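My entries follow the order in which I took them up.

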Amino acid sequence: MNRRIAHWALAWGLLGGALAQAQDIKTEAPAVIRIGVATVGVGNPIRHGGTSTALAYADKAIEDEFRKDGTKVEWIFFKGAGPAVNEALVNKQLDLAWQGDLPSIVHRAAGVKTKIILGSGVRNGLYLGVAPESNIRRIEDLRGKKVAVFKGTNLHLAAVRALADHGLKEKDVKLINLDPAASAAALVSKDIDASFDYVGLFNLRDKGLAKIIWSAHEDNFKYTRQTALLVTDEFAAKHPKAVERVVKVIVKYAHKYSDENRRAELFDAWGKAEYPDKIWREDFIGQPLRVRLSPLLDPFLVARYKDAANESFDLKLTRGKPEIDSWFDRSYLNAALKELKLENYWPAYAANGQQVGR
């Protein structure tokens, strides 16, 4: 009997040791954290703006968080935007990624295992620019025209959605795939008639090279674009505490700059990146910082991703409609909000865009 008890004790001891070792693996900080960013940025070292993730990047806040652990943080910027990030995810070259809704939908539909863990760049604008002397005055005037949009990015779906709601199918216009830099050059040279783009169009307008005839914010919330921070399932399983720490750092920045008293400071920080601060000021006119900088994974954001999944399938950009609800993992965000006592700080929105609480 004593010998049998000894055997059981040994077995339980080995099992306990294995479980403890597994737990240590999950809590131990990783040697490196590779974060993909779906934009090329500017300069050397690279600068970019527009989101809470960009603010944390500029201050090296995630590097500071993990410095005591000896963890190296690598930021990888992609000229090819979301589609290039997807390629890196497929090749297991990233642990986390910031990208827009459409490319995220594409990689999920293709079976790439990720979790959406933080909103970072929600309700981003969309603008339609034309040449200064153009007689195009509204979206309906684009029929038969050459219109640039960066296909495969969240600009693409938002533009197609806006076209459809104004009576135009994708085949009714000549959509040309150009990245923002090429689109701007083509608009100036009049090789295209119009361009769907973001705040870069303000640069052209201020130089007298374009005029903006339509804005998503002035039309309907559903034409805005969504971006989020994702983590691979593999990295999350191995290093859940590290993921939680990354999320907490970015939530701190979202909170800091959601303060309306810091509006000028926010735009000054972003003004050191791709676009002057006055452009960000205009893009944010009439929009509370708590709305644009919200990290919440609320019903509004989920609904936009569901819309994106349906539209991607209808446009034959994906072979199927991926399941969306379980993709959103709020555990890391909820832990950060609770620890920072921010559970009720940001307003949440329903699928129809109406505020449901604070």
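The entries below record what I looked up, beginning with the basis of the values.

**Basis.** I worked from a predicted model, in which local features need pLDDT of at least 70, side-chain atom pairs count only at pLDDT 80 or more, and totals for chains, interfaces and linings use all residues. Residues are numbered from 1 along each chain as its sequence is written, and side-chain values use heavy atoms, with hydrogens and water left out.

**Largest pocket.** I took a pocket as an open set of points on a 1 Å grid over the protein atoms alone, with protein on both sides within 12 Å along at least five of seven lines; a lining residue has an atom within 4 Å of a point. A volume is the space filled by probe spheres set on the points, which are joined across faces, edges and corners. The largest pocket holds about 910 Å³ of space. I found 39 residues in its lining, with Thr39, Pro180, Asp197, Glu274 and Tyr275 nearest the centre. Two or more lining residues come from each of helix H4 (81-90), strand E3 (96-100), helix H6 (154-165), helix H7 (180-188) and helix H8 (200-206). Elements are DSSP runs numbered from the N terminus, helices being H or I of at least four residues and strands E of at least two. H8 contributes the most to this lining, with four residues. By class I noted 18 nonpolar, 15 polar and six charged residues in the lining of the largest pocket. Here Ala, Val, Leu, Ile, Met, Phe, Trp, Tyr, Cys and Pro count as nonpolar, Asp, Glu, Lys and Arg as charged, and the others, Gly among them, as polar.

**Second largest pocket.** Its volume is about 410 Å³. Of its 20 lining residues, Ile46, Arg47, Tyr57, Ala58 and Asp59 are closest to the centre. Helix H2 (52-58), strand E2 (72-77), helix H11 (240-257) and helix H12 (263-270) each give two or more residues, and H2 has the largest share with four. I recorded 13 nonpolar, one polar and six charged residues in this lining.

**Cavity.** A cavity is a set of grid points where a 1.4 Å probe fits but cannot get out. I found one of 30 Å³ or more; the largest cavity has a volume of about 30 Å³. Its lining includes Pro180 and Asp197, two residues that also lie nearest the centre of the largest pocket. Strand E8 (194-197) is among the elements that give two or more residues to the cavity lining, and E8 supplies the largest share, three.

**H4 and H5.** The axes of H4 and helix H5 (residues 101-109) come within 9 Å and cross at roughly 30 degrees. Axes are lines fitted to C-alpha atoms over the stretch in contact, with angles from 0 to 180 degrees between N-to-C directions. The two helices are therefore roughly parallel, a term for angles under 35 degrees. On the H4 side Gly82, Pro83, Asn86 and Leu89 meet Pro103, Val106 and His107 of H5, contact meaning heavy atoms within 4.5 Å.

**Backbone.** What is the peptide bond from Asn44 to Pro45, cis or trans? I read the bond as cis, with omega near 5 degrees. Pro45 sits in the loop between strand E1 (32-37) and H2. Ala81, in helix H4, has a positive phi near 55 degrees. Most residues other than glycine have a negative phi, and most peptide bonds are trans.

Methods:
Parallel < 35°, antiparallel > 145°, perpendicular 65-115°, else oblique.
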